[in-house]
Amino acid sequence: MKRFKCDVLVVGGGGAALRAAIAARELDPECRVILVTKGKLGTTGTTANSCSDRMAFHATLPHTEPVGEDAWKYHADDIYRLGGKVSDYDLAVILAKRSCEAFEYLDSLGVPFVKKDGKAHQFVTDGSKYARACYTGPKTAIHIEQALVRRARELNIEVVENSMVVSLLVEDGEVVGAIGVDEADEVLFFDTPAVVLGTGGGGEVFEYNVYPPGATGDGYAMALRAGASLVNMEFIQIGLSSVKTKLACSGSLMRAVPRFVNDLGEEFLIKYFPEGTSWMEIHNVVFEKGASWPVSCEHASSQIDIAVFKEIMKGRRVYLDFSANPQGFQFGQLKAENRHRYAQEVNNPISDDQRESSPLARLKEINPASIQWLKDNGIDLEKGEMIEIVPAGQHFQGGVKIREKGNTEVRGLFAAGECAGGQHGANRPGGNALLDCQVFGKIAGEEAVRYAKSALMSKKAITEEMWSGLQKEELIFKHDGANSAAKVGKSIYASELKGEIQRLMTRYVSVVRTYEGLSKAWQRLTELEQYQVKRGDLSLIEYYECLNLLLVAKAMVLACMQRRESRGPHLFFQSEDDLRPLPGSPGYEKYFVIRYKGDELVAEAHEPVRPNDSWR
Ligand SMILES: Cc1cc2nc3c(=O)[nH]c(=O)nc-3n(C[C@H](O)[C@H](O)[C@H](O)COP(=O)(O)OP(=O)(O)OC[C@H]3O[C@@H](n4cnc5c(N)ncnc54)[C@H](O)[C@@H]3O)c2cc1C
C-alpha cells in the first residue's frame with residue numbers, strides 16, 4: 001500500500017477540482033495539496049472533453065444587462081425560477097454574485113473569451129432572460145481546463161494520475177483519510193483531514209450518454225457511504241443526441257426541420273401528438289426544439305423526446321433524415337416568429353425555392369459548418385446518410401448536498417461542480433454548470449484549507465496500529481466481492497452488472513418514468529446489491545466504477561420514486577401507455593434528500609432555502 005500525507009486531498013481533474021486545488025494553494029502556499037485524477041491530468045472528465053456549437057460560461061459582468069448594482073439578483077432569480085424552486089436560493093445568490101470574479105480569474109489565466117470593444121461578448125441561453133453567456137467557441141470548457149492545468153503546474157500542485165479514490169475514511173463524522181487504487185491495482189492511502197470531491201457526474205449509469213468514459217458518479221457513491229446526503233438526484237438533463245458522434249441534436253439541426261423516421265421508414269411523430277394535430281403544428285414544435293434541447297416538461301417539444309423514446313422502446317431505431325422534407329412541410333407556413341428566428345441565423349442565403357426544397361438545403365443556409373463537422377465525424381448528409389438519434393444523459397443537476405461553503409454534513413468533506421447538489425434545481429440556465437465549477441470550486445478549496453488548519457490541531461495521528469489495520473484491509477480492496485459477501489449465494493461479473501444497470505436505467509429512468517417502472521428498477525437493483533460482484537478481467541479501477549454505478553442508480557431511482565409529478569426533465573406518467581406526463585404540483589416545491597440510515601438508503605423531503613427580503 002502506498003502512503004501519502006496532505007492537508008487537502010482534491011479528487012478529480014476537471015474544472016471544479018482544479019479550481020479547488022488552485023484556490024487552496026493560492027490561499028496558503030504552505031498548504032500540502034494533492035490532486036488525484038483517474039487519467040492523465042487535463043484529459044479526463046467532461047470539462048476536458050466536451051464541445052458543443054457554442055459552449056457557454058454564464059456570468060453577470062459590469063456591462064451585462066440590466067446594468068446596475070443589483071444585476072446579480074436577475075441572475076440568481078433565473079437560476080431559482082428555472083430550477084423549479086427546488087434549489088437553495090442562497091446558493092444561487094453566491095453563484096450570481098461571484099460570477100464576475102470567476103470570469104475575471106479565467107480571463108486572467110488566458111482563457112480566450114470572445115470580446116467586442118474589450119468586453120466579453122455575451123448571448124442569451126435557454127432559460128435566461130438576459131445575455132450572460134460568455135464563450136470562446138465550441139471548446140470553451142476545454143480552454144478553461146487547459147488554463148487551469150497550466151496554473152496548477154505553475155503552483156507545483158502534486159498530482160497523482162491514473163488513480164481513483166474509492167472510499168473516504170470517516171471517524172465520528174469527521175474525515176481522517178481516503179483509500180484509492182492506481183492503474184497497476186496498487187492500493188493508495190491518503191492521510192488527510194480534508195477532502196474536496198470534484199468527481200463530475202454519473203452519465204455512465206445510462207446506456208446512452210454524452211459523457212466521456214469514467215463518469216461513474218464516484219463522488220456520489222463515496223459521499224453516501226461516508227454519511228453525507230445527495231439531493232435532486234432525479235433531475236438529469238437528457239436530450240436527443242447522435243449515437244455515432246454523441247453530438248447534441250439541437251439548434252440549427254432542428255431549425256432545418258428534418259424528417260424523424262424509424263427503421264421502417266415511417267414518419268412517426270404524428271402518432272404521439274394529440275389527435276387532430278396537423279403536420280405543420282408538429283413542424284413548428286420541431287423547429288422550436290432547437291432552443292430547448294434537454295427534455296423538459298415545461299416545454300411542448302418534450303413530446304418529441306417522448307415519441308423518440310417510445311419508438312426505441314418498441315425496438316425501432318430512429319433517425320434524422322435531411323434528404324427530403326417531412327410530410328406536409330412548407331417553409332412559408334412556419335409561424336412568423338420561427339421564420340424570423342430562422343432569418344437571424346442565415347449564413348449563406350439561398351432562394352425561396354431552394355429553402356423550400358429540403359432540410360439539407362436549409363441546414364446549408366443556416367449552419368454549413370455542422371454539415372462538414374458531421375462529415376468529418378463519419379456522417380455524410382450530402383450523400384443522404386442519416387443521423388441515428390437516442391435520448392442521452394448530459395448533466396446531473398443534483399449531487400452531494402452542499403451548503404454555502406461547499407461543505408457537506410461530514411466534517412472535512414467538501415464538494416463542487418457537477419458532483420455537488422442544491423445550487424441547481426430541476427433545470428439550469430445554460431452556462432451555469434461551468435460557472436458553478438469555478439465559483440464553488442474556489443469556495444470549497446479555500447474552506448478546505450481553513451478547515452484543515454483547525455482540524456490538524458485536534459486530528460488524531462494515524463497510529464501504527466491503525467496503519468497495520470489498514471494494511472490488513474488492503475486485501476478487501478483487491479479481491480472479488482469487495483461490495484459485500486454474497487448474501488444470496490449468487491454472483492455476477494462486474495461488466496455484466498454495469499450492462500444490466502445501464503439497460504434498467506435507460507428503460508425505466510430516462511424520458512418516461514412511471515411508479516411501476518421505477519419500482520421494477522428498484523427491485524432489481526436491490527437484488528443485484530445482494531450478489532457477489534466478480535472482477536473478471538477488469539482493472540480495480542473499472543471494478544470499483546461498476547460498484548459505484550449500482551449505488552448511484554439506486555439513489556436516482558429512489559429520488560424519482562418520491563416525485564410523483566413532472567418537473568424539469570423528470571417526466572412522470574400515470575402509466576406507460578399515457579402519451580402525456582402528469583402536471584407539476586405546488587405541493588412538490590421541495591427537494592428530496594437521499595442518505596443512508598443504518599444499512600438502508602432512505603429519502604426525506606426538505607424545504608429548500610427560499611428567497612426572502614434580505615436577498616433583495
Ligand atoms: C456535451 C456537453 C456540453 C455541455 N455544455 C455546457 C455548456 O455549454 N455550459 C455549461 O455550463 N455546461 C455545459 N456542460 C456541462 C459541464 O461541461 C459539466 O457540468 C462540467 O464540465 C463538469 O465539470 P466537473 O469539474 O464538475 O467534472 P468533470 O469535468 O467531469 O471532471 C471530473 C473529474 O473527476 C475525475 N474523477 C472522477 N471520479 C474520480 C475518482 N473516484 N478518483 C479520481 N478522479 C476521479 C475524472 O477523471 C475527471 O477528471 C456540458 C456537458 C456536456 C457533456
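A word on ground rules before we start. This is a predicted model, where local features need pLDDT of at least 70, side-chain atom pairs count only at pLDDT 80 or more, and totals for chains, interfaces and linings use all residues. Residues are numbered from 1 along each chain as its sequence is written.

Let's begin with the whole thing. The protein has 19 helices and 26 strands; these are DSSP runs numbered from the N terminus, with helices being H or I of at least four residues and strands being E of at least two. The C-alpha atoms sit in a box of roughly 80 × 65 × 50 Å along the principal axes. For 616 residues, a compact globule would have a radius of gyration near 25 Å, and the protein's 24 Å agrees with that (the radius is taken over C-alpha atoms, and the globule rule is 2.2 Å times the number of residues to the power 0.38). Buried residues account for 54% of the 616, where buried means 20 or more other C-beta atoms within 10 Å of the residue's own, exposed means 12 or fewer, and partly exposed is in between, with C-beta atoms placed from the backbone. Of the contacts with a separation of 6 or more, 75% join residues 24 or more positions apart; a contact here is two C-beta atoms, placed from the backbone, within 7 Å.

Now for the sheets. Strands of a sheet pair through backbone hydrogen bonds, either parallel or antiparallel, and two strands count as paired if DSSP finds at least two bridges between them. Take the parallel example: an open sheet of 5 strands in the order β8-β3-β2-β12-β19. At its edges stand β8 (158–160) and β19 (413–415), each with a single partner strand, so one side of each has no neighbour in the sheet. From one strand to the next the twist averages 20°, with axes fitted as lines to C-alpha atoms (for helices, over the stretch in contact) and angles running from 0 to 180 degrees between N-to-C directions. Within this sheet, β2 (residues 8–11) and β3 (residues 33–36) pair in parallel over 4 bridges, and V10 stands opposite L35 in β3. Helix α7 (residues 218–226) packs on the sheet, touching β2, β12 (194–197) and β19, and its direction makes about 150° with that of β19.

The antiparallel example is an open sheet of 4 strands, ordered β14-β17-β16-β15. Here β14 (236–242) and β15 (259–262) are at the edges, each with a single partner strand, so one side of each is left without a neighbour in the sheet. The twist from strand to strand averages 45°. Strands β16 (residues 318–321) and β17 (residues 387–396) pair in the antiparallel sense over 3 bridges, and V318 has I389 in β17 as its bridge partner. This sheet also carries a helix: α10 (residues 302–313) touches β14, β15, β16 and β17, at about 115° to the direction of β17.

Strand β17 turns up again around the ligand. The elements that give two or more residues to the ligand's shell are α1 (15–27), α2 (46–49), β9 (163–171), β17 and α15 (432–458), and α15 gives the most, with 4 residues. There are 41 residues around the ligand, and G12, G14, G45, G200 and G417 come nearest; a residue belongs there if its C-beta atom, placed from the backbone, lies within 6 Å of the molecule. The shell divides into 16 nonpolar, 22 polar and 3 charged residues. In that tally Ala, Val, Leu, Ile, Met, Phe, Trp, Tyr, Cys and Pro are nonpolar, Asp, Glu, Lys and Arg are charged, and the others, Gly among them, are polar.

Next, a helix in the interior. In α13 (residues 359–366), 6 of the 8 residues are buried, so the helix is largely enclosed by the rest of the structure. Those buried residues are P359, R362, L363, K364, E365 and I366, and their cover includes α8, α11 (336–345), α12 (352–357) and α14 (368–376).

Most residues other than glycine have a negative phi, and most peptide bonds are trans. The bond from E65 to P66, however, is cis, with omega near -15°, and P66 lies in the loop between β4 (57–58) and α3 (71–82). Phi is positive, near 65°, at D185, in the loop between β10 (174–182) and β11 (187–191). V257 also has a positive phi, near 50°, and is found in the loop between α8 (252–255) and β15. D185 counts as partly exposed because it has 13 C-beta neighbours inside 10 Å, whereas V257, with 26, counts as buried.
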